[in-house]
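Please look at the sequence and structure below before reading on.

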Amino acid sequence: MKYQTPLAKAHGLGSAKTGTHHWWMQRVTAVALIPLSFWVILFIQQLFHASYPEMKQWLSSPFNLGLLLSWAFVSFYHAAIGLQVVIEDYLSPTWLKITIVWMVKLAFLGGAITALVLAIRIAVSAG
Amino acid sequence: MTQRTRPLSPHLQVYRLPLTAIVSILHRMTGVLLAAGLVLFVICLAQIEAGSSSFKAMQSFIQQPFISVIIWLIIYALFFHLCHGIRHLFWDMGEGYDKILMNYYLILELFGSIALTGLSFLFLQLGGAA
């Protein structure tokens, strides 16, 4: 028999102060991604049609480099917290849920950092 | 014996989801697909960073018809997710809950996403010629 109160069970499973933060950030990033998604079409156009020097020059302009980094960070963030909701909905065991959510979040953080490093290296090498 | 029309609970083997429900789950599915698509974005950047020959190899790879079709399906998924996402934003503001208009909004966002994909396609063709 366990002499544990419901409050004691809840301790350590997250605070009750940031309950809407996740939901709100999903919306904020969604709004930011509406214009940024159209920039991705410009990027894909370059991927299909640009020559190598054109591609590097295009990516290293402050305008495109800035939009690339904004798009990368906002979309990786939006994707990570979106996948978190999907995982939480369909995975039942708590230990598995927490493990997978952390793995996904770390993977997307890693992806965003990789994109940042690659974009800066491209811009620097273009001179 | 008279046939009485009693209400039936949804029979799971023959129950067909209404279009609104299909679009709702497609929003989530396209979201997961696009999250996976971000990996492709990082791979493309890595190919550009790796140098001229790997960029050209990647370019000729994505220009293959079959791969192009996959890329355009992902772009369609992006615009579908964007259009339905805008509807979610309206819902969050407490608008757009009229039951009669649900199918109307649905057609609006389906056509919107097809139109945006089509316009992007035209834009890419024009840009390629320039």
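## A glycine in helix H4 of chain A

The model is predicted. In chain A, A:Gly82 belongs to helix H4, which covers residues 62–90. Is A:Gly82 buried or exposed? A:Gly82 is buried, because it has 20 C-beta neighbours inside 10 Å and a residue is buried if 20 or more lie within that distance.

Leaving aside residues up to four places away in sequence, A:Gly82 touches A:Gln26, B:Gly31 and B:Ala35. A:Gly110 is 28 residues from A:Gly82 in sequence, and their C-alpha atoms are 17 Å apart in space.

What does A:Ala79 touch, not counting residues up to four places away in sequence? Its contacts are A:Phe108, B:Leu34, B:Ala35 and B:Leu38.

A:Val40 lies in helix H2 of chain A. A:Val40 has 19 other C-beta atoms within 10 Å, so it counts as partly exposed. Between A:Val40 and A:Ala79 there are 15 Å from C-alpha to C-alpha, and the two are 39 residues apart along the chain.

## Two pairs of packed helices

Two packed helices are described by the angle between their axes and the distance between the axes. In chain A, H4(A) packs with helix H5, residues 94–126, at an angle of about 170 degrees, and the axes are 9 Å apart. H4(A) is therefore roughly antiparallel to H5(A), since angles over 145 degrees are put in that class. On the H4(A) side the contact includes A:Leu65, A:Phe76, A:Ala79 and A:Glu88. Among the residues of H5(A) in the contact are A:Lys97, A:Phe108, A:Gly111 and A:Ala119. Sorted by class, the contact of H4(A) with H5(A) has 19 nonpolar, two polar and three charged residues.

In chain B, H1(B) and H2(B) have axes 5 Å apart and pack at an angle of about 140 degrees. That angle makes H1(B) oblique to H2(B). H1(B) brings B:Cys44, B:Gln47, B:Ile48 and B:Ala50 to the contact, while H2(B) brings B:Ser54, B:Phe55 and B:Met58. Five nonpolar and two polar residues make up the contact of H1(B) with H2(B), with no charged residues.

## The largest nonpolar core

How many residues does the largest nonpolar core have? It has 34, and those with the most contacts inside it are A:Phe76, A:Ala79, A:Ala119, B:Leu45, B:Ile48 and B:Phe79. At least two residues of this core come from each of H2 (21–49), H3 (52–60), H4 and H5 of chain A, and from each of H1 and H3 of chain B. H4(A) supplies the largest share, eight residues.

In soluble globular proteins, nonpolar side chains tend to be buried together.

## Where the chains meet

The contact between the chains takes 27 residues from chain A and 28 residues from chain B. On the side of chain B that touches chain A, the elements giving two or more residues are H1 (19–50), H2 (52–62), H3 (65–92) and H4 (102–129) of chain B. H1(B) gives the most, with twelve residues. This side of chain B divides into 16 nonpolar, eight polar and four charged residues.

## Confidence

The complex has an ipTM of 0.86 and a pTM of 0.87 from the predictor. The average pLDDT of chain B is 90, and 95% of its residues score at least 70.

Conventions:
Residues are numbered from 1 along each chain as its sequence is written. Chains are lettered from A and ligands numbered from 1 in the order in which they are written. This is a predicted model: local features need pLDDT of at least 70, side-chain atom pairs count only at pLDDT 80 or more; totals for chains, interfaces and linings use all residues. Two residues are in contact if their C-beta atoms, placed from the backbone, lie within 7 Å. Helices (H or I, at least four residues) and strands (E, at least two) are DSSP runs, numbered from the N terminus. Ala, Val, Leu, Ile, Met, Phe, Trp, Tyr, Cys and Pro count as nonpolar, Asp, Glu, Lys and Arg as charged, and the others, Gly among them, as polar. A residue is buried if 20 or more other C-beta atoms lie within 10 Å of its own, exposed if 12 or fewer, and partly exposed in between; C-beta atoms are placed from the backbone. Axes are lines fitted to C-alpha atoms, for helices over the stretch in contact, and angles run from 0 to 180 degrees between N-to-C directions. Angles under 35 degrees count as roughly parallel, over 145 as roughly antiparallel, 65 to 115 as roughly perpendicular and the rest as oblique. pLDDT is the predictor's confidence in each residue, from 0 to 100. A nonpolar core is a set of buried Ala, Val, Leu, Ile, Met, Phe, Trp, Tyr and Cys residues joined through C-beta atoms within 7 Å.
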